[in-house]
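Here is a short walk through a structure, taken step by step. Keep the 3D view open while you read.

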Amino acid sequence: MLSNDLTTQAASAEHLAYLQARKRYRWRVTAAQILLLVSFIALWELAATLRWIDPFIMSQPSRIVQTLRSLYAGGDLFTHVGVTLLETVAGFTLGTLLGTFIAVALWWSDYLAEVFDPYLVVLNSLPKVALGPIMIVWLGQGMRAIIAMALLVSVIVTILSVYSGFSQVDKNKIKLLKTFGATKKQIMQKVILPASIPTIISALKINVGLSWVGVIVGEFLVSRAGLGYLIVYGGQVFRLDLVMASVIILCVAAALMYQAVVLLEKRFVKWQ
Amino acid sequence: MGAEKLLRIEKVSMKYYSPEGEISALQDISLDIAEGEFVSIVGPSGCGKTTLLNILAGLITPSAGAVYIQEQLVSGATPLVGYMPQDDQLFEWRTIWHNVLLGLEVQNNVNQATKAAAEKMLRTYGLIEFKDAYPSQLSGGMRQRAALIRTLAINPEILLLDEAFSALDYQTRLVVADEVKEIISSENKTAVLVTHDIAEAISMSERVVVLSKRPGTIKNIHDIVLTCEINSPLGRREAIEFRAYFNRIWKELDVHVEQ
């Protein structure tokens, strides 16, 4: 009902030219992206085959593919990916839920927010991976400690960004609800939360990356399975093929998880 | 104007406290508003207009004095009062229909009768086709109408308009003022408009209350009597008396521009 003045049936020659130029430009970007990847892989393979670089320490695309294949054949591939994925999703979900919950509590009480402010600032600047050994002592050498790491890495950022999103909600919208006689709970439900969904989603996007950091560091420290374990193990026994293969799987998994959040965003903020 | 007193403001004063000291925002405001009346409050910026409106809406309690609506003391938000904010404040994530129902939802009063009344208003005021549209799909004027219907849906006795048109561009503003006035008259509502626009105040209301600089006191109350053919805000701007009222109120506002 809005774009009635934009008629499509009688596109002028100039408009067609404009559309074509746009399309050509998009295509050039995609082509360059693909070319970059393909030539990087080709050059790597060539350099290793011709011994410009030492494939033992630099690895080689064909050897990475072989490693992936044998991991798959041995049935180990999905175990490792599954373990890491489970830890990341668990840490990510818990971190986001807990962070949002604490942000709601801080919004509820200005007093609480002021009391906790200096602690949050300190915790935010602390590199959370430093707490890794403590988590291992407390929760044992295993998945629980790793999930706790992923949670720790993301929870403080979530609290801070969601709380600041809550505080930025238009005061006049809150005033409007108050004139209807809204309770604090109704203000939270009807305006603060829905208005903050874009903020919460962008917190999710940051948390995806942070949870991976937490999980991989956690696996470096304790685990017996997972991609972080493969990377550390491969490094220790000088199997760089294994390290590279794990890094590539990690890239793909992290990208897929990010896309899942983007899909979630499209689903929830259709009004924008 | 012999109609029943709907709103009674009795010796209302308001003081704010800050570490630097005490600020007196309003002093001894007394005013009666009759049922069906349209009253505007004008004053220089910072004179406590918005404070007064917040008191009428029951959002803040005056330091002294009291406000009565239908002889009931106002102590907190009440369904008797409908508030029209500056900028329509429609919620972007709700459709027009769900925006209109917002007040009823908050007051737990969504039922067949109230929904039917809201739907009827959407139909009467030309928004029924946009029921399922999001606010971003509507023009400024339509958004303002939707905001007014949201306020009217809770069926208040008094409408408080807080600089309700100031976010609109000039042309839209004139048209929307006309529309809003017409809707308020046809729904038989009493209205209090707070504005800094003298012409808007004269063109819309039966009485204009002029507030003084801080602490705000009532400086004068003008009964607006205009001879005009069309009794709409736009038509009223054509009246010969318009300019005289404008000049008198302008002088009373005592605005000095720093050189």
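In chain A, helix α4 (residues 76-108) packs with α10(A) at an angle of about 120 degrees, and their axes lie 7 Å apart. That angle makes α4(A) oblique to α10(A). From α4(A), the contact uses A:His80, A:Val81 and A:Thr84. From α10(A), it uses A:Leu227, A:Gly228 and A:Leu230. By class, this contact of α4(A) with α10(A) holds three nonpolar residues, three polar ones and no charged ones. Keep in mind that this is a predicted model.

Follow chain A past α10. A loop lies between α10 (227-236) and α11 (240-268) of chain A, and A:Phe238 sits in that loop. What is the phi of A:Phe238? The value is positive, about 60 degrees, although A:Phe238 is not a glycine.

Now turn to another helix pair in chain A. Helix α5 (residues 110-125) and helix α7 (residues 143-167) of chain A pack at an angle of about 130 degrees. Their axes are 9 Å apart. Because of that angle, α5(A) is oblique to α7(A). The crossing of α5(A) and α7(A) is left-handed. Which residues meet here, from α5(A) and from α7(A)? On the α5(A) side they are A:Leu120, A:Leu123 and A:Asn124. On the α7(A) side they are A:Ile156, A:Ile159 and A:Leu160. Five residues of the contact of α5(A) with α7(A) are nonpolar, one is polar and none is charged.

Next, look at α9(A). How far does α9(A) span between its end C-alpha atoms? It spans only 45 Å, whereas a straight helix of 39 residues would span 57 Å at 1.5 Å a residue. There is a bend to look for along the way. At A:Ile197, α9(A) bends by about 50 degrees. A proline, A:Pro198, follows within four residues.

Move on to the place where the chains meet. The contact takes 17 residues from chain A and 18 residues from chain B. On the side of chain A that touches chain B, the elements giving two or more residues are α8 (171-179) and α9 (184-222) of chain A. The most comes from α8(A), with seven residues. By class, this side of chain A has nine nonpolar, four polar and four charged residues.

Cross over to chain B. Helix α4 (residues 112-124) and helix α5 (residues 140-153) of chain B pack at an angle of about 155 degrees, with axes 10 Å apart. That angle makes α4(B) roughly antiparallel to α5(B). The crossing of α4(B) and α5(B) is right-handed. On α4(B), the contact is made by B:Thr114, B:Ala117, B:Ala118, B:Met121 and B:Leu122. On α5(B), B:Ile149, B:Leu152 and B:Ala153 take part. Seven residues in the contact of α4(B) with α5(B) are nonpolar, one is polar and none is charged.

End in a loop of chain B. Between β9 (207-211) and β10 (218-223) of chain B lies the loop that holds B:Pro215. What kind of peptide bond joins B:Arg214 and B:Pro215? The bond is cis, with omega about -5 degrees.

Note on methods. Residues are numbered from 1 along each chain as its sequence is written. Chains are lettered from A and ligands numbered from 1 in the order in which they are written. This is a predicted model: local features need pLDDT of at least 70, side-chain atom pairs count only at pLDDT 80 or more; totals for chains, interfaces and linings use all residues. Two residues are in contact if their C-beta atoms, placed from the backbone, lie within 7 Å. Ala, Val, Leu, Ile, Met, Phe, Trp, Tyr, Cys and Pro count as nonpolar, Asp, Glu, Lys and Arg as charged, and the others, Gly among them, as polar. Axes are lines fitted to C-alpha atoms, for helices over the stretch in contact, and angles run from 0 to 180 degrees between N-to-C directions. Angles under 35 degrees count as roughly parallel, over 145 as roughly antiparallel, 65 to 115 as roughly perpendicular and the rest as oblique. A crossing is left-handed if the near helix is turned anticlockwise from the far one by less than a right angle, and right-handed if clockwise. The expected span of a helix is 1.5 Å times one less than its number of residues. The bend at a residue is the angle between axes fitted to the seven residues ending there and the seven starting there.
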